[in-house]
Amino acid sequence: MTAYRYFTASSLDGFIATADDSLDWLLSQPLDAAGPMNYEEFIAGIGAIVMGATTCAWILEHEESGPRPWPYSQPSFVLTHRDLAAPAGHVAVVSGDVAALRPRLEEAAAGKDVWIVGGGDLAAQFARAGMLDEVLISYAPVMLGAGRPLFPDRLDLELVELARNEAFACARYAVAGRPGAPGS
């Protein structure tokens with residue numbers, strides 16, 4: 001069964017980027033690429049990716065260099081109400097309610113999971129639609145004071161796993177009340 005997973009990093013005070021979308025505070029932290037809750041293990045279970053336009057723009061501005069114009073091999077969906085040209089690769093620009101996208105996302109995921117990339121607002125849309133199963137957060141030892149929030153709504157979570165990866169405190173949570181969550 002396809003799970004919807006919000007995998008992100010956050011400052012200790014709950015921001016995923018500064019107000020001007022900088023991640024310099026995050027990218028300067030030591031991280032063991034093979035350590036607990038690492039990206040490579042996570043991405044191996046992902047069959048489709050969904051993000052908002054702001055995240056897509058950041059990726060295109062910061063990641064689109066070298067031989068790969070798009071960093072993901074998985075089918076990717078950019079959910080936006082903006083007029084946005086699809087970046088190179090397996091990318092579809094879509095709009096509308098996330099619940100209506102469920103069949104398309106799950107078909108694209110081909111039995112693997114869907115990664116909700118970037119913004120807390122997008123993850124909240126999935127939660128409101130009952131389509132958020134897991135939240136994985138790597139907390140960086142930084143306080144930003146302001147910026148893009150990790151998540152804008154109340155969401156009850158149940159801690160499933162906790163580990164340290166170099167400077168990061170990594171936590172995996174099940175969304176409370178979802179099938180497969182502890183106690184459900």
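1. The largest pocket holds about 1,500 Å³ of space. A pocket is an open set of points on a 1 Å grid over the protein atoms alone, where a 1.4 Å probe fits, with protein on both sides within 12 Å along at least five of seven lines. Grid points are joined across faces, edges and corners, and the volume is the space filled by probe spheres set on the points. This is a predicted model, in which local features need pLDDT of at least 70 and side-chain atom pairs count only at pLDDT 80 or more, while totals for chains, interfaces and linings use all residues. Residues are numbered from 1 along each chain as its sequence is written, and side-chain values use heavy atoms, with hydrogens and water left out.

2. The lining of this pocket has 47 residues, where a lining residue has an atom within 4 Å of a point. Thr8, Leu23, Thr55, Val117 and Gly118 lie nearest the centre. Among the elements that give two or more residues are strand E1 (4–11), helix H2 (39–44), helix H5 (120–128) and strand E10 (168–175). Helix H3 gives the most, with five residues. Helices (H or I, at least four residues) and strands (E, at least two) are DSSP runs, numbered from the N terminus.

3. By type, the lining divides into 25 nonpolar, 15 polar and seven charged residues. Ala, Val, Leu, Ile, Met, Phe, Trp, Tyr, Cys and Pro count as nonpolar, Asp, Glu, Lys and Arg as charged, and the others, Gly among them, as polar.

4. Eight strands form an open sheet with mixed pairing, in the order E5-E4-E3-E6-E1-E7-E10-E9. Two strands pair if DSSP finds at least two bridges between them. E5 (91–94) and E9 (157–165) each have a single partner strand, so one side of each lacks a neighbour in the sheet.

5. E9 and E10 run antiparallel and are joined by eight bridges; Leu162 stands opposite Ala171 in E10. Two residues lie between the strands of this hairpin, where Glu166 takes a positive phi near 50°.

6. The whole structure has seven aromatic pairs, meaning rings of Phe, Tyr and Trp (its six-membered ring) with centres within 6.5 Å; planes under 30 degrees apart count as stacked, over 60 as edge-to-face and the rest as tilted. The ring centres of Phe42 and Trp115 are 5.3 Å apart and the planes stand at 80°, so this pair is edge-to-face. Phe42 in H2 and Trp115 in E6 are 73 residues apart in the chain.
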